[in-house]
Amino acid sequence: MAEPLLDVQHLSVTFGGPSLAVDDISFYLNAGETLGVVGESGSGKSVTAFSILRLLQPPGRIMSGRVRFQGRDLLTLTETEMREVRGAGISLIFQEPMTALNPVMRVGDQIAEALVVHGKATWSDAIASAVELLDAVRVPDAPRRVHDYPHQFSGGMRQRVMIAIALACRPPLVIADEPTTALDVTIQAQVLDLLRELKARYNLAMLLITHDFGVIAEMADRVAVMFKGKLVEQGPVRDVLRHPANEYTRSLLAAVPGAQ
Amino acid sequence: MATGSPPLVEVRHLVKHFVRKQGLFAAPSIVKAVDGVSFTINGGEMFGLVGESGSGKSTTGRCILRLIEPTSGEVRFRGENVLDFSTARMRLARRDMQIVFQDPVSSLNPRMRVGDIVEEPLVIHSLGSKAERRARVVELFQLVGLESGYVARYPHEFSGGQRQRIGIARALALNPAFIIADEAVSALDVSIQAQVVRLLLDLKERLRLTCLFIAHDLRLVEHICTRVAVMYMGRIVELGETRALFSHPTHPYTRALLSAIPVLDPDAPRQRLELDPSSFERDAPLKEVGAQHWAAV
């Protein structure tokens, strides 16, 4: 089998405290595959995502490990090379679309910016692509909405804009950090359907970070369970959900309302 | 909860309209946050009020306690309309009607010791001597599963689940008969959520509380409530015994909402139902669609 798209080996991250935020975790992700990372607050799942993209803020620091992506170790790249990977190779969808979008910039310009920054298009071409992308994420009336500002969009529509930005440069890997947590359940269902559709259309690999086992069951091929910085269990989603081997996974599943 | 005895809480045609100024010259618009809501809660019941953001469920809860003044309608508590009460009478009535809020960070004063936070309702209502109040605080801490040695600490020294326990202890200080839990466990991690829910169910039994459980999480509501009302755009679109409502959802919105919940089984058939707003009449009255089950269809 070929080398996986993303291969994280023995990653450890510290924030200077007595225990590690991420403690010697290893996992991989193949092209087109969805790996769900599940855990509660403070388990280290978001820190893992930020470490892969080298977006950790001090005092957060990667202590050791390797993050191979498309055959290169991201931890050894220069900042300039890394900037190329972010967005074009791996992009990130955040939980909070309101804080992640620039409130004083038209959404079309924010999508186009991703293309221009990576030298994929001129501004005028990029704006045309922005319309296509908004259309692809099913924002109704895309040619008109590209000129709107984020506050003119609902929560679900804003998350679609975020997804359009993340997909602008056609990255092979998207990291989605609680992409639907702030949304109502009916809107969440629509965004999950959209992500599934886009994944199939663009053969996207996805690292899906969530606290919701229901979302994992709907979206993931494999699942990794994190607890206090450690990866306590990983495997195919059916195996883990039906026959959890780890004590913590079992307790987490049992705590889901109506799981019994 | 014998049939025939009057319900503890009776909400009739509750309306709350907010006036929203559009600008200097534009006419103000009216947001019908709660638009003719009626339901009853029997003594000892855990009644669920569910809906998505903006459905009016929290506004309904607040109107019941008059934390927001309703535009019109009736809220009968033990048969008396609390909306007719004077300010002084209302303050007295609130001894019996308390609320636990969603956000345990913003609902606890960060500069007060948690013991004082829990004691405050007793001070406001001038109940007991200093020593008696202190003893009551210790008792309340034990009741909600917190060590009584923690009374001198500040809210930031506690985890989210512990803070929510403090909020519950404060709500219980005056021995209320009725508690509104407004998304009281929504901000918590799932394992902590399970603990706090267990605590609420346990307290409800031990203290014979009646509870209005406001939530957006249908799985949770299905799990703990005896009856449920589903709100959509300021109105109750469906109401019934939990089992009947979840097994035979009748209103198009309830169906869409239930079909949107992610299920734990990766192989379960998924049939998302999109809500078609033209498939129902917004103003339709609730109609009996089964035993103890009503829908606005």
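What percentage of the 297 residues of chain B count as buried? In this predicted model, local features require pLDDT of at least 70 and side-chain atom pairs count only at pLDDT 80 or more, while totals for chains, interfaces and linings use all residues. Residues are numbered from 1 along each chain as its sequence is written, and chains are lettered from A and ligands numbered from 1 in the order in which they are written.

The buried share of chain B is 41% of its 297 residues; a residue is buried if 20 or more other C-beta atoms, placed from the backbone, lie within 10 Å of its own. Chain B contains 9 helices and 12 strands, which are DSSP runs (helices H or I, at least four residues; strands E, at least two) numbered from the N terminus. Its radius of gyration, 20 Å, is close to the 19 Å given by the globule rule for 297 residues, so chain B is as compact as a globular protein of that length. The radius is taken over C-alpha atoms, and the rule is 2.2 Å times the number of residues to the power 0.38. Along the principal axes, the C-alpha atoms of chain B fill a box of roughly 60 × 55 × 50 Å.

In chain A, 6 strands form an open sheet with mixed pairing, in the order β6-β7-β8-β3-β9-β10. Two strands pair if DSSP finds at least two bridges between them. The edge strands of chain A, β6 (90–93) and β10 (230–236), each pair on one side only. Strand β6(A) pairs with β7 (residues 173–177) of chain A in the parallel sense over 4 bridges, and S91(A) stands opposite V174(A) in β7(A).

Terms used: Buried ≥ 20, exposed ≤ 12 C-beta atoms within 10 Å, placed from the backbone.
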